[in-house]
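Okay, thanks for making time, everyone.

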Amino acid sequence: MKAMTLVLAAALACAGISANAYPTGSISAQTLQESEIKSITLELLKKHVKYAESIYHDYSASIPGAGYFHSGAATEDGIRTTANYAYLYALLLTRTTDASFNGIPRATVEAHLVANLKYLVNTHKSSGSYNTTSGARWGKVWESSMWSSYAAVGGWMVWAQLDLDTQHKLNLLVSGEADFKAATLPPYKEWSDTKAEENGWDTNILSLARSMQPNHANAAKWDDMAKSYMMNTYSTLADKSDATVVDGKAVSTWVRGANLHPDLTAENHDIFHPIYQMVPINELGTSAVFYKMGNLTPPAAVEHNILNVWNKVLKKIALPEGEWMYPNGVDWMVHDYEHLPAYSFLAAYFKDPDATMLESRTLEYMRARANLQTNGSYFGNLIDIGPRRESVAAQRLADAFLYHEFFGPGSTTPSTPSSFVTAQSGVTDFSYTKVLLHRNAQKYSSFSWQSKFMGYIGPNPSSYMDEPYVLVPYQKSFVGYYNLNGVPTNASYITHTNQTAATWFTTGGVLSENAGKLTRYLSFTSLPDNNLVVYMDRVVANEAVTIVQEYGGAFDFERDAMSGAARSVYSASGTTSMPTQFTSYSGDWMNVDGKLGVVVKGGKGFNFGSKGIQAGATSSRMYGSYFTGSKAAAADEIISDKVVVAAVNQTAAQTAQLSANLLRPPVEFGWSASIVQDERNYRFLVASNFDGSGDTSIELTTNEGAPVLPVVSQVTGSKGVATLTQDLQKSVVHTLRAYASVVGAGTAQTVTGGLSNTCVLTNPGSTAVSTKVTILGSGGTFVSATTTVQPGQRVSASERNGSIVFKVL
């Protein structure tokens, strides 16, 4: 076979590749140089050839000179996989001069690329007369424009090495798919199943056809429809009234309808789905490359709403190691690294500093994962959909490489992991998808009321980049579920209410579970400036039921080889390694690796054990309230009344102390309340009105005395009684730093003086009252002093420089 000699010195120079540029060592917070990015990307692509060859099949007995990868069937699994490997092989043959790739001779790669292209063009509906291995031809269906694009660009890269018949059929394949797509207007759907991803991939064949066949009679139509699909990828309702001109037409003329909510979030699979939120960036980037390959300037439409989505949505859920938060869970692999080219396009095309940093992190983690494999695979036994997942990872690595080749390096002033966390800290309310987010220097947390009802917390990983993976986003985290005898296990949304501030949020609501047999009232609070979240619930049986399992307070911990597969588990029972079988633990707290501590009051006991591979990650699941057996519950019986407090980056000793300090003050029926104390000695009162009256009396006492609230408390001894007011499904959240005790007889009234570390004392009685005030100072220590308050007198108390200052008002 004639050698493929399209690798020119100019191409190698453009790639910026040196023979020994592949860095080794642990993952750091430093952003990679352009030459390192290209080198690592190519090295990962080269290594993967060994895996690709393991699934290659000769098909020349049925189609002269043909071969395919994986199954070759006329489906996404078959054709997408084999088309992706055409793209991979073509890129390696045109961007390197290597004599072999991970032990596979270059000549073999050349031969199998040509055979693969012969298989693809001879089995397509527009260009072939042969059937695939599944007995049918492929093409002109829902996703085939994507498969066609990668098959065709692979062939275009090595065009001179193809025979005239294959060239002719490849042109027919491209024009046939482009005409098929150009005959259909871009779809749109805002709820449940966005069409953003589909429109994004449909831009590819239209852009490629325009570049590959500029003299075709339909080239202008392909170009116009490519722009139309681009404008209808990240489309919103607001676009329908936008008069801004893009590529010769008003935005309102281009856009047919919304694929994003007004807050720019997207839904797919009935959840807020980061993967479907992200992937159009890569698809639009691929179309920009296809225009450049035809020596054309990418249209302005390729940029439509990308930066808005990036800045207002994706940055809010991007973690400093490059992964996403998954506040609504995930139903694909959690670590597939297929978002890498989205970062690459944002970095290379838009020069975004955050994307530049995140691209480096993601690429290094992907390399670390691939280096664990010996067969050229990227994922080993974690794979969710087999060879197709491997091929898509290779395809997207190749996309990332081309973004740098065509658009250059990323930002010259990239962010750092810590600066990125600082910039994205705060609370975000994605109201259309019913998701609340909170980030600070210590944690990221969220709660979702959208389809999958779950709380989520994770430690900010920027301080341990070598061990970033702690929790798998389990879609029942915190909330858990019940199994009832003879009743389906399900849950449906009834109502919820959010309360948000700059540095904290609380949300409360109601779920109907187990075919309406149970009602769950719950609240979830992410506290300010610390590492804590508080979950409280009350579950009521609506009729007589038999409980056979309770799986409450649930958390999935990764047992990933990249993050320390053998984790340490601490509890009141002592220290053990993470169990491989479900095991019960005594006490009301557990801690894993010092990364997450969990305290449960009012639960049925801890249980922890292996769950195998969940969402493409090896995990073990902890239940903070676990029961199995048979337990009858009567109508209106309360079967759960618990609080779950989780704290990240906390030692076992700190978790034990968190448990010792956790208080559950008595409140009236329909309410639930907890007082938690963080590592600074700040206490927080969270009181939730699940289904009670608008007011509740609450009785409060601590070792330092009765907490001083923003509402008046009647203090006798070290006990305070106050009335809290709140609407249904809302919570009262107070920071507690001041405390008061009456020394001897009498009663004092207390209220904060506007700040949590101040106190105003009032004596409503007829005799003097001796009152001790304790205030938590800025240094984290308590300061105390005693004063006498005369009848009818008001006295303020505040902490200054380690002393209590009293002032008669």
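Predicted model: local features only at pLDDT ≥ 70, side-chain atom pairs only at ≥ 80, totals over all residues.

So, Ser448 sits in strand 11, residues 443-448. Residues are numbered from 1 along each chain as its sequence is written, and side-chain values use heavy atoms, with hydrogens and water left out.

Back to the serine. Ser448 has 0% relative accessibility, so it counts as buried; the scale is under 20% relative accessible area for buried, over 50% for exposed, partly exposed in between, with a 1.4 Å probe and protein chains only. A polar atom of the Ser448 side chain lies 3.1 Å from the backbone nitrogen of Gln450. What does Ser448 touch, leaving aside neighbours within four places in sequence? Pro327, Asn328, Lys434, Val435, Phe453 and Met454, with contact meaning heavy atoms within 4.5 Å.

Next, the rings. There are 37 aromatic pairs in the structure. Rings of Phe, Tyr and Trp (the six-membered ring for Trp) pair if their centres lie within 6.5 Å; planes under 30 degrees apart are stacked, over 60 edge-to-face, and the rest tilted. Take Tyr68 and Tyr119: a tilted pair, 5.1 Å centre to centre with 40 degrees between the planes. Tyr68 is in strand 2 (67-69) and Tyr119 in helix 4 (106-122), so this pair ties together parts 51 residues apart in sequence. Both Tyr68 and Tyr119 are buried.

Phe478 and Tyr535 are another one: centres 6.2 Å apart and planes at 45 degrees, so tilted again. Phe478 is in the loop between strand 13 (471-472) and strand 14 (481-484), Tyr535 is in strand 18 (532-541), and 57 residues separate them. Phe478 counts as buried, at 0% relative accessibility, and Tyr535 is buried at 0% too. These two belong to a cluster linked by ring pairs, with Phe447, Trp449, Tyr493, Phe505, Phe524 and Phe555 in there as well.

We also get charges over rings, meaning NZ of Lys or CZ of Arg within 6 Å of the ring centre and within 35 degrees of the ring normal. Lys249 does that over Trp254, 4.3 Å from the ring centre, and Arg680 over Tyr682, at 3.9 Å.

Nine strands make an open, antiparallel sheet, ordered 15-16-17-18-27-24-23-20-21; strands pair if DSSP finds at least two bridges between them. Which strands are at the edges? Strand 15 (491-500) and strand 21 (574-577), each with a single partner, so one side of each has no neighbour in the sheet. From one strand to the next, the twist averages 15 degrees. Helix 16 (652-661) packs on this sheet and touches strands 18, 20, 23, 24 and 27, with its direction at about 155 degrees to that of strand 23. Axes are lines fitted to C-alpha atoms, for helices over the stretch in contact, and angles run from 0 to 180 degrees between N-to-C directions.

Last stop, a hairpin. Strand 38 (769-776) and strand 39 (782-789) pair antiparallel over eight bridges, and Lys772 stands opposite Thr786. Five residues lie between the two strands, and Gly780 in the turn has a positive phi of about 85 degrees.

Terms used:
Helix = DSSP H or I, 4+ residues; strand = E, 2+ residues; numbered from the N terminus. Polar contact = N/O pair within 3.5 Å; in protein donor to acceptor, adjacent residues only side chain to side chain.
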